[in-house]
Structure formats: structure tokens, C-alpha cells
Amino acid sequence: PPPNPPRKMAKKVFIIIYSMYGHIYKMAQSVRQGLENVGIEATIYKVAETLPQEVLDKMHAASFDLPVLNPREDEITTADGFIFGIPTRYGMLPAQQKSFWDGLGGHWMKGSLVGKPAAVFTSTGTQHGGLETTALTTVTQFTHHGMPFIPLGYTHAVLHDNTEIHGASPYGAGTVAGGDGSRQPSEKELAVCVHQGESFGKFINRLQ
């Protein structure tokens, strides 16, 4: 009988987040579910904290038992693609994630991430608090590394749904946390997260 064809290794996607109060982490779990639904090996990482513990305690920040991805090491190069979970700060990346990108200078010099696709999902305090500008300003980071940005597009019915507030946009999944952070990601928002994981995963699976 002919030999069995070699088993294809599962593609790897890193979900890289910063989450102070848990909104982004909750969304990341749904994004991971979507990736795994289409056979992707998905791992959630957090970026290193830049605030001192004393400040975090005063802000009542949550703590999550996740591995920290070091931008200066080579582990990041083992992924086939990336999805970044970003809590917006004035319509841009928070300092913790900007520090992560600044730490990727060595990989920029070597072109380690060229051609590796990337996507984003976001969280903001208010309905017009920067969900789309956060995605757009993050694209500048992708561009300098030669990483194709894979937007969500209008590929899920929730993006056409105006019956309730939600944070989803054609740039990626999103949530509106409320000014005090009390609003949690809704069922519709989490459904878009799962869909984004599946959509991005299918794209990754088409790559050679």
C-alpha cells in the first residue's frame, strides 16, 4: 500500500493582549475558540506591564496568569500569524503594547515578521472612544514590519445590527466597556470574536 501522506502541522497563531480589567482577556478567549474551531493552534500571551505594582493596586487592576511574550526573543517568530487585543488609550495603543512594539527592533532589523498576517480586536470606554482609530494607528506598526493587516470586513450580521450598542467594526471585533469598566462584552460582541478567530484562522490555513 502507498505510504501515508505526512500529517500537516497545525498553523500557529499568537493572541497578544494587554488587559487591565479583563475585557480584552475575555474577548481573547472567544477569539481563541474561533481559531481552534478551524484547527489552529492558538496561544494567548500578554505583554509586559510597565506600571509599578503600587499604581496597579490603586487602579484595582486585575491579574491574569498568562505567559509574557518577550519581543526581544525568538519565540514570536514561530507563529504563522498574530491577533492583537488592544484596550484603547486616547484612540491608540496603550503604553504597554507600544513598549512591546518598540522592543521588536531586533526583529525589524532582521525582517523576522515580514509576511506574517496580523489582526486586531479592541475595547474602549465609550461608544466613540477610538475603536477604529486604535486599529488604524496599529496598522502603522504592522506596516513597518511588512505584516499584512487582515480586517474583519462586514462578514458578520452583528456589524449591521443597530438594535443595541456594540463595539464590532470592519476593522475587527470590539467591546464598549463603559466609563467605569462595568459593562462586560455582550453575547453579540463575543460572537463576533469567535467569528473573527474563525475567519482569520481560515485565512492562515490557506497560506503555504
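Guide: A crossing of two helices is called right-handed if the near helix is turned clockwise from the far one by less than a right angle, and left-handed if anticlockwise. This is a predicted model, in which local features need pLDDT of at least 70 and side-chain atom pairs count only at pLDDT 80 or more, while totals for chains, interfaces and linings use all residues. Residues are numbered from 1 along each chain as its sequence is written, and side-chain values use heavy atoms, with hydrogens and water left out.

Helices (H or I, at least four residues) and strands (E, at least two) are DSSP runs numbered from the N terminus. Helix α1 covers residues 23-37 and packs against α6 at about 40°, the axes being 7 Å apart. Axes are lines fitted to C-alpha atoms, for helices over the stretch in contact, and angles run from 0 to 180 degrees between N-to-C directions. The pair therefore counts as oblique, the class left after under 35 degrees (roughly parallel), over 145 (roughly antiparallel) and 65 to 115 (roughly perpendicular). The crossing of α1 and α6 is right-handed.

Contact means heavy atoms within 4.5 Å. On α1 the contact residues include Met 27, Val 31 and Leu 35, and on α6 they include Leu 190, Val 194 and Phe 200.

Helix α6 (residues 187-205) also lies across strands β1, β3, β4 and β5, at about 170° to β4. These strands belong to an open sheet of five, ordered β2-β1-β3-β4-β5 with parallel pairing, where pairing takes at least two DSSP bridges. Its edge strands are β2 and β5.
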